[in-house]
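Let's take a friendly walk through this structure together. Have the sequence and the 3D view ready, and follow along strand by strand.

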Amino acid sequence: MHELSIAQNLLDIVSGQCLKNGFKEIESINIKIGRASGIMPDALSFAFDAIKTDTIAKNASLNIAEIPVTGLCRDCAYEFTVEEEYVLFCPSCKGSSFMITAGRELDIIDMEVS
Amino acid sequence: MKVKVATKILEANDRIALENRRLFDKAGLFVINLMSGPGAGKTSVLEKTLLQDSGLKIGVIEGDIAGSDDAERIEKLDAPVVQINTGGACHLDANMIYEVLSDLPLNEIDLLFIENVGNLVCPAEFKIGEDIKVMLLSIAEGHDKPLKYPLMFQESSALILNKMDLVPYLDVDIEKIKRDSLSLNPQLKIFEVSCKTGKGIPEWIEWIKNKAGKD
């Protein structure tokens, strides 16, 4: 959910950096979205394309790397990756005392500018 | 030319959440983010809490898409309250909270409840600077909800199971709700409450007094 406001935040951050450094145009942006972040990549791309018109990112392509959800079990120290967008229990010992170590990212990595 | 950005997209929200946290700490305030689906009984629980002689001076921030019904109910009980209308956003964010903090006497209250927008999904995803999250589930919502909405159950410190007076009229498996909730979050403190009869309210009050450091 909230892909439109996330897209706006993204645009504000990259535009701000361009303004500060005198870049003329953004060609592409690389971001990573964790599968447990609640953000759907397709919806984010759609929203970004809708709002980038007439901005410094008007021709920018958005490249999204999806990060799988990984966890570390506090009970049995098993490190695991799941297919789903959330973890209910450790696949090894079925315990529910775990930490999510990856999969909730919503980060801008870098961008290609001219 | 490649330029490193290395920024969290929600960095602005998280930064403001930290500032809210700093202001709360400065005022010696304990802050609870109260969440649930629409109609589970958040405002009723707050009314019941305010009516008890807890010894705590309580303030409330109400969050709704529109209207001021909830703030009006709290105002009748003489607690400092401010209503946020999100105008469409389905959750409160850190900036919305920041904008209203100067409307509350932070130094005069011990405990601040932030009643989030009725929604079992989004509020759990956005930091606003609270100490803990407490969620409500009314038993009329069904015993399948914990496994359908895992994040909110996992993020909360306590679950208020409300409307327990309806047990005789519903085919709801209370033990399943508790079992599934605890399997998602073994540390979850569960209160069986009825705002209608008052059942469970004293135990809830003891717990928040303990949390706010006033027991």
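Helices (H or I, at least four residues) and strands (E, at least two) are DSSP runs, numbered from the N terminus. With that in hand, please find V5(B), which lies in strand β1 of chain B. Before going further, note that this is a predicted model, in which local features need pLDDT of at least 70 and side-chain atom pairs count only at pLDDT 80 or more, while totals for chains, interfaces and linings use all residues. Residues are numbered from 1 along each chain as its sequence is written, and chains are lettered from A and ligands numbered from 1 in the order in which they are written.

Is V5(B) buried, exposed or partly exposed? A residue is called buried if 20 or more other C-beta atoms lie within 10 Å of its own, exposed if 12 or fewer do, and partly exposed in between, with C-beta atoms placed from the backbone. V5(B) has 17 other C-beta atoms within 10 Å, so this residue is partly exposed. Two residues are in contact if their C-beta atoms, placed from the backbone, lie within 7 Å. Leaving aside neighbours within four places in sequence, the contacts of V5(B) include I13(A), V14(A), I108(A) and M111(A).

Those contacts lead us to the meeting of the two chains. Chain A brings 22 residues to the contact and chain B brings 19. On the side of chain B that touches chain A, the elements giving two or more residues are β1 (2–8), α6 (150–155) and α7 (174–184) of chain B. Of these, β1(B) gives the most, with 7 residues. Two strands count as paired if DSSP finds at least two bridges between them. Strand β6 (residues 106–113) of chain A and β1(B) run antiparallel and are joined by 5 bridges, with E112(A) opposite K2(B).

Chain A also has an open sheet of 3 strands, in the order β4-β3-β5, with antiparallel pairing. Its edge strands, β4 (79–82) and β5 (98–102) of chain A, each pair on one side only. Strand β3 (residues 69–73) of chain A is joined to β5(A) by 4 bridges, and T70(A) stands opposite A102(A) there.

Now turn to chain B and its strand β5 (residues 111–115), where 5 of 5 residues are buried. In a regular strand the side chains alternate between the two faces of the sheet. Here both faces are covered, with L111(B), F113(B) and E115(B) buried on one side and L112(B) and I114(B) buried on the other. β5(B) pairs in the parallel sense with strand β2 (residues 30–35) of chain B over 5 bridges, where V31(B) faces L112(B) across the pair. Strand β3 (residues 58–64) of chain B also runs parallel to β5(B), joined by 5 bridges, and I58(B) stands opposite L111(B).

Finally, look at the nonpolar cores, meaning sets of buried Ala, Val, Leu, Ile, Met, Phe, Trp, Tyr and Cys residues joined through C-beta atoms within 7 Å. Which residues of the largest core touch the most other members? Among its 51 residues, they are F113(B), I114(B) and I160(B). A second, separate core of 22 residues includes L11(A), V14(A), A47(A) and I108(A).
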